[in-house]
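Let's take a walk through this structure together, one stop at a time. Keep the picture open and find each residue as we get to it.

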Amino acid sequence: MKYQLENCFINIRNNTEYLDAIQKSLSGKNKVTFFYLNSYSFYLVNKNEEFRSAFNKADFIIADGFSIVWLIKKLYGIKIEKVVFTYSFFEDMHKIFLKGKTKIFILGSQDETIEKSFGILKNDFNINITGYSYGFFDQRNDSAKIIKKINESNAEILIVGMGMPQSEIWIQENLERLNPKIIFSVGGFFDFLAQDKKMAPKWMYNSGLEWLHRLIQEPSRLFKRYLTANSYLILYLIKNELKKWT
């Protein structure tokens with residue numbers, strides 16, 4: 001089922017559908033991409049044409065923000081689940097990769113963080129990590145070298161955490177040259193994995209308060225983002241409600 005939201009959509013409603021889509025994609029022949037919709041990506045997709053084009057080419061888009069869960073409820077009258085890559089990976093997804101001995105390449109973050117993430121995935125989770133590279137590289141001059149490294153690793157999955165909108169745009173710009181079967185854009189996954197940042201307690205996950213936990217950790221970076229994105233989403237909903245009366 002596909003649910004349209006202005007200039008974007010979601011087509012995964014819960015973690016069960018999410019894991020099922022991953023398993024089917026691993027056994028399928030087509031290359032697929034997984035992106036995530038929250039208040040910030042919703043704002044960007046309506047304000048940044050380059051990001052909108054890249055984002056909407058994704059095969060699967062999942063609501064990873066409570067604001068999107070709330071918006072779908074208001075617009076469509078249905079209840080969906082928030083699904084965040086980080087939580088799903090720790091609880092369920094890594095078991096799929098472990099069972100299938102899936103080859104994974106990780107790309108993103110700073111040198112120290114991605115190196116720590118590589119070690120944790122390989123030693124603590126026993127995941128078959130075939131390579132890694134940091135995410136702050138010169139995309140114009142170094143992308144070909146990075147792609148060569150990814151492809152030579154024979155990875156089936158590429159996990160990209162270079163920040164939004166950089167990750168989504170880079171993935172789509174280079175999709176034809178990338179060999180992995182599944183490509184995820186994962187936001188701050190590596191920061192949480194390396195424990196550079198703390199994940200919100202589980203009780204906050206679907207309470208609508210996870211954003212507050214992140215804001216307390218990174219006020220200077222996230223305050224303006226949350227204010228702008230959440231205000232835009234609320235205005236979007238108000239406009240939709242007003243249309244019903246005109």
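E49 counts as exposed because its relative accessible area is 61%. Here, exposed means over 50% relative accessible area, buried means under 20%, and partly exposed is in between, using a 1.4 Å probe and protein chains only. You'll find E49 in helix α3, which covers residues 49-55. Helices (H or I, at least four residues) and strands (E, at least two) are DSSP runs, numbered from the N terminus. Now look for K79, 30 residues along the chain from E49: the C-alpha atoms of the two are separated by 29 Å.

Before going on, a word on what you're looking at. This is a predicted model, where local features need pLDDT of at least 70 and side-chain atom pairs count only at pLDDT 80 or more, while totals for chains, interfaces and linings use all residues. Residues are numbered from 1 along each chain as its sequence is written, and side-chain values use heavy atoms, with hydrogens and water left out.

Next, the inside. Which residues have the most contacts inside the largest nonpolar core? They are L37, F42, I68, L107, L158 and W170, in a core of 42 residues. A nonpolar core is a set of buried Ala, Val, Leu, Ile, Met, Phe, Trp, Tyr and Cys residues joined through side-chain atoms within 4.5 Å. Apart from this core lies another, with 32 residues, including Y18, I96, I129 and F184. Click on L37 and, leaving aside neighbours within four places in sequence, you'll see contacts with F42 and I68, among them, as well as with L5, F9 and F55. Contact means heavy atoms within 4.5 Å.

I68 takes us to helix α4, residues 66-76, where S67, I68, V69, L71 and I72 are buried. Here's a handy bit of background: an α-helix has 3.6 residues a turn, so residues three or four places apart point the same way.

F66, W70, I234, L235, I238 and L242 make a nonpolar surface patch of about 550 Å². Patches are made of residues with over 30% relative accessible area and no salt bridge; like charges are joined within 9 Å, and nonpolar side chains (Val, Leu, Ile, Met, Phe, Trp, Tyr) within 5 Å. A salt bridge is a side-chain nitrogen of Lys or Arg within 4 Å of a carboxyl oxygen of Asp or Glu. The areas come from the Shrake-Rupley method with a 1.4 Å probe, and for residues only the protein chains shown count as cover. Which helix gives the most to this patch? That's α11, with 4 residues. L235 sits in α11, and it counts as partly exposed because its relative accessibility is 49%.

Now for the rings. The whole structure holds 22 aromatic pairs. Rings of Phe, Tyr and Trp (its six-membered ring) pair if their centres lie within 6.5 Å; planes under 30 degrees apart are stacked, over 60 edge-to-face, and the rest tilted. Take Y18 and Y36: they're edge-to-face, with 6.2 Å centre to centre and 80° between the planes. Y18 belongs to helix α1 (residues 15-27) and Y36 to strand β3 (residues 32-37), so this pair ties together parts 18 residues apart in sequence. Both Y18 and Y36 are buried. F34 and F60, by contrast, are stacked, at 4.8 Å centre to centre and 20° between the planes. That pair links F34 in β3 with F60 in strand β4 (residues 60-63), 26 residues apart. F34 counts as buried because its relative accessibility is 0%. Ring pairs also join these residues into a cluster, which includes Y18, F34, Y36, F60, F85 and F184.

Most residues other than glycine have a negative phi, and most peptide bonds are trans. E6 isn't a glycine, yet its phi is positive, about 55°; look for E6 in the loop between β1 (3-5) and β2 (8-10). Q195 is another non-glycine residue with a positive phi, near 65°, and it lies in the loop between α9 and α10 (210-217). Q195 is exposed because its relative accessible area is 67%. Last stop: the peptide bond from M164 to P165 is cis, with omega near 15°, and P165 is in the loop between β7 (157-161) and α8 (166-173).
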